[in-house]
Amino acid sequence: MYKLEIIVRDEKVTEVIDVLERFGYAGVTMYPVEGRGRQKGLVEQFRGRKYEIPFLPKTKIEVLVRNEDCEKVMDRVMEVARTDTVGDGKIFVYPVIDVVRIRTGEKGECAL
Ligand SMILES: Nc1ncnc2c1ncn2[C@@H]1O[C@H](COP(=O)(O)OP(=O)(O)O)[C@@H](O)[C@H]1O
Ligand SMILES: [Mg+2]
């Protein structure tokens with residue numbers, strides 16, 4: 001299993017969640033975050049002038065996926081979250097050691 005931390009524009013969240021659901025992943029954790037990438041939060045232009053805001057709001061979506069789905073999910077998320085402009089976000093990928101469903105004691109993929 002892998003954990004994907006998907007950081008995207010707020011307006012892309014619904015589409016990303018739809019992608020995950022279509023792959024059979026209903027269980028997700030998400031929260032609002034503030035961050036910056038290479039442009040250090042720089043907002044390009046607004047009414048002819050440049051504004052610099054240190055951290056920009058995004059949404060982080062966390063989801064655990066099976067090994068065999070990982071690449072396909074990432075590809076599809078990239079397709080829907082991409083606007084081809086700076087600030088489209090990132091996906092961080094982590095190997096997961098285990099998961100347990102507290103109610104039943106199920107472990108591993110059965111607990112996803
Ligand atoms: N190296 C990093 N470590 C942790 N979080 C990051 C990193 N780079 C980007 N982020 C997170 O991803 C969000 C989107 O980054 P983005 O501007 O698309 O990246 P980049 O400018 O590097 O292409 C940031 O607001 C921040 O929350
Ligand atoms: Mg950036």
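Colleague: What share of the chain's 112 residues counts as buried?
Modeller: 29% of them do, where buried means under 20% relative accessible area, exposed over 50% and partly exposed in between (1.4 Å probe, protein chains only). This is a predicted model, where local features need pLDDT of at least 70 and side-chain atom pairs pLDDT 80 or more, while totals for chains, interfaces and linings use all residues. Residues are numbered from 1 along each chain as written, chains are lettered from A and ligands numbered from 1 in written order, and side-chain values use heavy atoms, without hydrogens or water.

Colleague: OK, and how many helices and strands are there?
Modeller: Two helices and six strands. They're DSSP runs numbered from the N terminus: helices are H or I with at least four residues, strands E with at least two.

Colleague: What does the C-alpha trace span?
Modeller: About 55 × 25 × 20 Å along its principal axes.

Colleague: And what part of the contacts joins residues 24 or more positions apart?
Modeller: Of the contacts with a separation of 6 or more, 72% are like that. A contact means heavy atoms within 4.5 Å.

Colleague: Let's look at S1. Why is it largely enclosed by the rest of the structure?
Modeller: Because five of the seven residues of S1, which covers residues 2–8, are buried.

Colleague: Which strands does S1 pair with?
Modeller: S5, in the antiparallel sense over seven bridges, and S6, also antiparallel, over six bridges. Two strands pair if DSSP finds at least two bridges between them. To see this on the model, find Glu5, whose bridge partner in S5 is Glu62, then Leu4, whose partner in S6 is Val93.

Colleague: Is Glu5 buried or exposed?
Modeller: Glu5 sits in strand S1 and is buried, with a relative accessible area of 8%.

Colleague: Which side chains does the side chain of Glu5 make polar contacts with?
Modeller: Lys3, at 3.0 Å, and Lys60, at 3.1 Å. A polar contact is a pair of N or O atoms within 3.5 Å; within protein, one must be able to donate a hydrogen and the other to accept it, and residues adjacent in sequence count only if both atoms are side-chain atoms. Skipping residues up to four places away in sequence, Glu5 touches Lys60, Ile61, Glu62, Lys90, Ile91, Phe92 and Tyr94.

Colleague: Ile61 turned up there. Where does Ile61 sit?
Modeller: In strand S5, and Ile61 is buried, with a relative accessible area of 0%. Beyond four places in sequence, the residues that Ile61 touches include Leu4, Glu5, Ile6, Val8, Val13, Val16, Ile17 and Leu20.

Colleague: How far is the C-alpha atom of Ile61 from that of Val8?
Modeller: 8.1 Å, though Ile61 and Val8 are 53 residues apart along the chain.

Colleague: New topic: what's the volume of the largest pocket?
Modeller: About 630 Å³. On a 1 Å grid over the protein atoms alone, a cavity is a set of points where a 1.4 Å probe fits but cannot get out, a pocket is an open set with protein on both sides within 12 Å along at least five of seven lines, and lining residues have an atom within 4 Å of a point. Points are joined across faces, edges and corners, and the volume is the space filled by probe spheres set on them.

Colleague: Which residues lie nearest the centre of the largest pocket?
Modeller: Gly37, Lys58, Gly87, Asp88 and Gly89, out of 26 lining residues. Strands S2 (29–35), S3 (42–46), S5 (56–65) and S6 (90–95) each supply at least two residues of that lining.

Colleague: How many of the lining residues are charged?
Modeller: 11, alongside eight nonpolar and seven polar. Asp, Glu, Lys and Arg count as charged; Ala, Val, Leu, Ile, Met, Phe, Trp, Tyr, Cys and Pro as nonpolar; the others, Gly among them, as polar.

Colleague: Where does Asp88 lie?
Modeller: In the loop between helix H2 (67–81) and S6. Asp88 is buried, with a relative accessible area of 16%. The side chain of Asp88 makes polar contacts with those of Arg9, at 2.9 Å, and Thr83, at 2.6 Å. Outside four places in sequence, Asp88 is in contact with Ile7, Val8, Arg9, Ala81, Arg82 and Thr83.

Colleague: And how much space lies in the second largest pocket?
Modeller: About 200 Å³. The lining of the second largest pocket has 13 residues, with Gly27, Val28, Val63, Leu64 and Leu112 nearest the centre. S5 gives the largest share of that lining, three residues, and by class there are eight nonpolar, three polar and two charged.
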